[in-house]
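Dear colleague,

Please find below the structure that I am handing over to you. My findings follow it.

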Amino acid sequence: MNPTPSQTVGPFYGYALPFPGGGDLATGGITVHGRVYDGAGDPISDALLEFWQADPTGDLSGAPGSLRRDPVNGAVIGRHGVDFTGFGRVPTDADGHWTLRTVEPGNGYISVCVFARGLLHHLFTRIYLRPDAFLDSLPPDRARTLVAVQEREGVHRFDIHLQGEKETVFLDFG
């Protein structure tokens, strides 16, 4: 019996998963960016992050269309830039950095799924832009790992630490 993808150590994310404009959910809103770090504190250059979020009113339905294809050659051409889909997919660069351009979600957070080398199963977390009851239920030092830091007006930083002293809180939806 051959191993399944979740039993092998990748990454296999560079082929067919990232798409043009994957981190551009909306223009004229906010920018959220950061780095993904491994347990030793080194940036991970080949992680893949997926984002889901509500629109400014808190609606989670989003419009279809993030993964549109070119009708001529079948290549993924991404979203058309008009409708808000609420979904994004971004690979990290050589320095482990990622960027998301979007609108501020009406429910106060952006959901994140992390795929990275050495992870046999993806991890879920959230990027909070404002406090809420869930954050209040966590110890303050753990809650801080879920809150984006505002660097300046409209720009927020959120680093993801997979292990170690600064480990990000990961959520279990099982």
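In this predicted model, Asp-46 and Arg-117 form a salt bridge, with their closest N and O atoms 3.1 Å apart. Asp-46 lies in the loop between S1 and S2, and Arg-117 in the loop between S5 and strand S6 (123-128), so the pair ties together parts that are 71 residues apart in sequence. Asp-46 counts as partly exposed, at 24% relative accessibility, and Arg-117 is likewise partly exposed, at 34%.

The whole structure contains four salt bridges. Another of them joins Arg-89 and Glu-50, whose closest N and O atoms are 2.8 Å apart. This pair also links distant parts of the chain, with Arg-89 in strand S3 (residues 87-91) and Glu-50 in strand S2, 39 residues apart. Both Arg-89 and Glu-50 are buried.

I would also draw your attention to His-33, which is placed in strand S1 (residues 30-37). His-33 counts as buried because its relative accessible area is 12%, under the 20% cut-off. The side chain of His-33 makes a polar contact of 2.9 Å with that of His-97 and one of 2.8 Å with the side chain of Glu-151.

Finally, the largest nonpolar core has 24 residues, and those touching the most other members are Val-36, Leu-49, Phe-51, Trp-98, Ile-127 and Ile-160. Two or more residues of this core come from each of S1, strand S2 (48-53), strand S4 (97-102) and strand S5 (109-115). Another core, of seven residues, lies apart from it and includes Tyr-109 and Leu-135.

Yours sincerely

Note on methods. Residues numbered from 1 in each chain as written. Predicted model: local features only at pLDDT ≥ 70, side-chain atom pairs only at ≥ 80, totals over all residues. Heavy atoms only, no water. Helix = DSSP H or I, 4+ residues; strand = E, 2+ residues; numbered from the N terminus. Buried < 20%, exposed > 50% of the residue type's maximum accessible area, 1.4 Å probe, protein only. Polar contact = N/O pair within 3.5 Å; in protein donor to acceptor, adjacent residues only side chain to side chain. Core = buried A, V, L, I, M, F, W, Y, C linked by side-chain atoms within 4.5 Å. Salt bridge = Lys/Arg side-chain N within 4 Å of Asp/Glu carboxyl O.
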